[in-house]
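Me: I have a structure open and want to learn how to read its features. Can we go through them one by one?

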Amino acid sequence: MAYIFKENRYESMKYRRCGKSGLKLPEISLGLWHNFGEPDDYNTGRETILTAFDAGVCHFDLANNYGPPPGSAEITFGRIFKENLQPYRDEIIVSTKAGYDMWPGPYGEWGSRKYLVASLDASLKRMGLDYVDIFYHHRPDPETPIEETMTALADIVRRGKALYAGISNYNAEQSARAISVLRDLGVPCLIHQPSYSMLNRWIEGGLLDVLEKEGTGCICFSPLAQGLLTGKYLDGKIPAGSRASKSVFLKPSSITPQLLEKLNALNEAAKARNCTLSTLAILWILRETRCTSVLIGASSSAQLKENLAAVSKPPLCAEELQKIEMILQKP
Ligand code: NDP
C-alpha cells in the first residue's frame, strides 16, 4: 500500500548547514550499515525508512559493502526507493562509499581510481539511481597517493555521478591533506564521516578543529555506540536479536562491569531530564555545533522514533553537561 507522507514532515526536524557549503542536513540521519541486508526483514526496513522520511530525516547513508552480503543494503534501499520514494528524489540526500573489500583482486578495495569509479558505477546500478548526493572515500589508503584518490572523487563529481565528495575515517592530518588536494582540484570536501559518541571521543583531539577551519561538515557515525548507549544492555544481559548477539562488530565481551556502571549512571542522568539514554546520547552530540548530523542506525521504526525525540528536546544545559562529563571521566 502506498505510504502517505505528512505534508508538514519538515517541521518536526531541524537542519544544520554542512560546513561552509550550501547543503543542509537533518540533525538526525539514518544509516543502513546493519538491518537492511538479505537476512533482515524487508518490511521492517521499509517501515523504518519511510517513518524516517516522514519525520524529516531526508538523508540516508549507505556504502558499497553494507549488507550482508556486501551490496545487499544498496539493493534493499533501491527497492524501497523505487517503490516509495522515487517522486521525492529531489528531497533526499543519498550517500554511498567505497574503500573496503568488495571483489577479488588488486582493484576491489582501498583508494585507486580504478576501484572508486567501478565501485560507484556498481552502487548506482544496485540502487537504481543516476547519481548519489555524496560519494565518500571510506577509509584512508596507506599506499595510493592521496592525489589519485582525490582526483577520482573530483572527476566523479564533475561527471555528475555524485554531487559532493566526502571522506570517512581519515585522521586530522590525513583530512587536512585530502581537503587541501580537493580544494586545489576545484571540488570542495563537503563532509567528513568519523565515529563519535560519549564512549568514543577521538575527534575532539584535532579533527573537529581541522574541519571547522576548512569549512567541512561532520556527520558522526555510531553515536549510540552500536546500541550500548540505549536502554538495551543496562542489566548486563544480551537480548536475543540485538547487535551484540549477532554481529562481529559488537562483542559481548566489551560489555564490562565498569562500562555497565557508566551506562547506568548516564541512564540516571537521562531519567533526571525525562528522556531515554539514547536520546541523551544524541543530545550530547548535538551540543557540538561543529557536528552537522548524528548518523544513527535503527533495527525498527520504534527505535527510530525513540531516538528522534532528541530533536524536540531542549539542548543540554551547562550543569547537565558537567554531570555527564564527570560520569564519562570516571575510569
Ligand atoms: P548506532 O550507534 O546508532 O547503533 C544503532 C543500533 O543500536 C541499532 O541498529 C540497534 O541495534 C540499536 N539501537 C538504536 N536505537 C535503539 C533504541 N532506541 N533502543 C534500543 N536499541 C537501539 O549506529 P550504527 O553503529 O548502526 O551506525 C550508524 C550508521 O553510521 C551506519 O548505518 C552507517 O551508515 C554509518 N557507519 C559508518 C561507518 C564508516 O566507516 N563510515 C562505520 C559504521 C557506521 P540492535 O537493535 O540490532 O541491537
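Me: Is asparagine 274 buried or exposed?

Reply: This is a predicted model, so the answer is computed from predicted coordinates. Asparagine 274 has 8 C-beta neighbours inside 10 Å, so it counts as exposed. Asparagine 274 sits in the loop between helix H8 (257-272) and helix H9 (277-286).

Me: What is the phi of asparagine 274?

Reply: About 60 degrees. That is a positive phi in a residue that is not a glycine. Asparagine 169 also has a positive phi, near 65 degrees.

Me: Where is asparagine 169, and how does it count by neighbours?

Reply: Asparagine 169 is in the loop between S7 and helix H5 (172-184). Asparagine 169 has 19 C-beta neighbours inside 10 Å, so it counts as partly exposed. Buried would need 20 or more.

Me: Which residue of S5 does phenylalanine 60 pair with?

Reply: Valine 94. Strand S4 (residues 59-61) and S5 run parallel, joined by three bridges. On to strand S6 (residues 132-137): four bridges join S5 to S6, again parallel. Serine 95 has isoleucine 134 as its bridge partner in S6. Lysine 97 stands opposite tyrosine 136 in S6.

Me: How do I read the two faces of a strand?

Reply: In a regular strand the side chains alternate between the two faces of the sheet. Check each face in turn. In S5, Ile93, Ser95 and Lys97 lie on one side, and Val94, Thr96 and Ala98 on the other; all are buried. S3 is covered on both faces too: Ile28 and Leu30 are buried on one side, Ser29 and Gly31 on the other.

Me: Why is S5 (residues 93-98) described as largely enclosed by the rest of the structure?

Reply: Because six of its six residues are buried.

Me: What handedness do the β-α-β units have?

Reply: Follow the chain from strand over helix to strand. S3, helix H1 (residues 42-54) and S4 make a right-handed unit. S4, helix H2 (residues 72-85) and S5 make a right-handed unit as well. Then the chain crosses from S5 through helix H3 (residues 113-127) to S6, and this crossover is right-handed.

Me: What does the loop between S5 and H3 hold?

Reply: Glycine 108 is in that loop. Glycine 108 is partly exposed, with 17 other C-beta atoms within 10 Å. Leaving aside neighbours within four places in sequence, glycine 108 is in contact with Asp101, Met102, Trp103 and Tyr115. Its C-alpha atom is 9.0 Å from that of alanine 118, 10 residues apart along the chain.

Me: Last, the ligand. How many residues surround it?

Reply: 30. The closest are Gly31, Trp33, Phe221, Gly227 and Gly297. Strand S10 (293-296) and helix H10 (301-308) are the elements that give two or more residues to this shell. H10 supplies the largest share, three residues.

Me: How do the shell residues divide by type?

Reply: Nine are nonpolar, 17 polar and four charged.

How values were computed
Residues numbered from 1 in each chain as written. Predicted model: local features only at pLDDT ≥ 70, side-chain atom pairs only at ≥ 80, totals over all residues. Near = placed C-beta within 6 Å. Nonpolar A, V, L, I, M, F, W, Y, C, P; charged D, E, K, R; others polar. Buried ≥ 20, exposed ≤ 12 C-beta atoms within 10 Å, placed from the backbone. Pairing = 2+ DSSP bridges. Right-handed = clockwise from strand over helix to strand, strands pointing away. Contact = placed C-beta atoms within 7 Å.
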